[in-house]
Amino acid sequence: MKRVYLASKLEHEPLLHDFRVSLRADVIVVSRWLDMTSFEKKGTPADFVWCWLVDENDVRKCDILVVFGKTEDQLRGALVEVGMAIALGKLVIAVGDCKSYGSWQYHPQVIRVDNFSQARQIIEEWRV
């Protein structure tokens, strides 16, 4: 089983949900935040302590992190998750042409792709 963490803005949860559904049965999405977006939208600082510990745990569990950003997006939390993944030696797939993809996109553990279809192909071909 391959374990994938999906990182993006809360508002992109519907796109990430569709991507999650499109993955093969041998791919498990471990991003619990996808099922907690309504909670996170109105969370308190104390709630966010818990949320970040959940996210960190999920990034630790994954084999591959997929980050998505639209061109105009300014990613924040997703970039923290990317940093965690790189530090933990995980493969990172950066989807889209987001302006928040800085020089880290050239790290050897990062693969840039244009769309979710290309990301899905890399995930399916990746050997864990």
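Okay, let's start at Asp114, which sits in the loop between strand 5 (110–113) and helix 5 (116–125). Helices (H or I, at least four residues) and strands (E, at least two) are DSSP runs here, numbered from the N terminus. Quick housekeeping: this is a predicted model, where local features need pLDDT of at least 70 and side-chain atom pairs count only at pLDDT 80 or more, while totals for chains, interfaces and linings use all residues. Residues are numbered from 1 along each chain as its sequence is written, and side-chain values use heavy atoms, with hydrogens and water left out.

Back to Asp114. Its relative accessible area is 62%, which means it is exposed. On the cut-offs: buried is under 20% relative accessible area, exposed is over 50%, and partly exposed is in between, with a 1.4 Å probe and protein chains only. The C-alpha of Asp114 is 7.0 Å from that of Asp97, and the two residues are 17 apart along the chain.

How many salt bridges does a search of the whole structure find? Seven. The criterion is a side-chain nitrogen of Lys or Arg within 4 Å of a carboxyl oxygen of Asp or Glu.

One of them joins Asp97 and Arg112, at 3.7 Å, N to O. That pair links distant parts of the chain: Asp97 is in the loop between strand 4 (91–95) and strand 5, Arg112 is in strand 5, and they are 15 residues apart. Asp97 is exposed, at 52%, and Arg112 is partly exposed, at 32%.

Next pair: Asp63 and Arg3, with their side chains meeting at 3.0 Å, N to O, in a salt bridge. This one also connects distant parts of the chain, with Asp63 in the loop between helix 3 and strand 3, Arg3 in strand 1 (residues 2–7), and 60 residues separating them. Asp63 has 14% relative accessibility and therefore counts as buried, whereas Arg3, at 35%, counts as partly exposed.

Then there's Arg20 with Asp35, where the closest N and O atoms of the salt bridge are 3.2 Å apart. Arg20 is in helix 1 (residues 13–22) and Asp35 is in the loop between strand 2 (27–29) and helix 2, so the pair ties together parts that are 15 residues apart in sequence. Asp35 is exposed, at 57% relative accessible area. Finally, Arg32, Asp58 and Lys61 are linked in a network of salt bridges.

Asp58 brings me to helix 3. The helix covers residues 45–61, 17 residues in total, and at 1.5 Å a residue it should span 24 Å; the end C-alpha atoms are 25 Å apart, which agrees. That expected span is 1.5 Å times one less than the number of residues. Which residues in helix 3 are buried? Cys51, Val54, Asp55, Asp58 and Val59. Looking down the axis of helix 3, these buried residues fall within an arc of 135 degrees, so they line one face of the helix. The arc is taken from the directions from the helix axis to the C-beta atoms. Pro45, Ala46, Val49 and Leu53 are exposed on the other side of helix 3.

Now, a charge without a partner. Asp73 is in the loop between strand 3 (64–68) and helix 4 (77–87). Asp73 is buried yet has no salt bridge, and the nearest side chain of opposite charge, Lys9, is 5.3 Å away. For charge, Lys and Arg count as positive, Asp and Glu as negative, and His and the chain ends are not counted. What Asp73 does have is a side-chain polar contact with the side chain of His12, at 2.6 Å. A polar contact is a pair of N or O atoms within 3.5 Å; within protein, one must be able to donate a hydrogen and the other to accept it, and residues adjacent in sequence count only if both atoms are side-chain atoms.

Last topic: rings. The structure holds three aromatic pairs. Tyr101 and Trp104 make an edge-to-face pair, 5.4 Å centre to centre with 80 degrees between the planes. Rings of Phe, Tyr and Trp (its six-membered ring) pair if their centres lie within 6.5 Å; planes under 30 degrees apart are stacked, over 60 edge-to-face, and the rest tilted. Tyr101 is buried, at 5% relative accessibility. Phe19, Phe68 and Phe116 are linked into a cluster by ring pairs.
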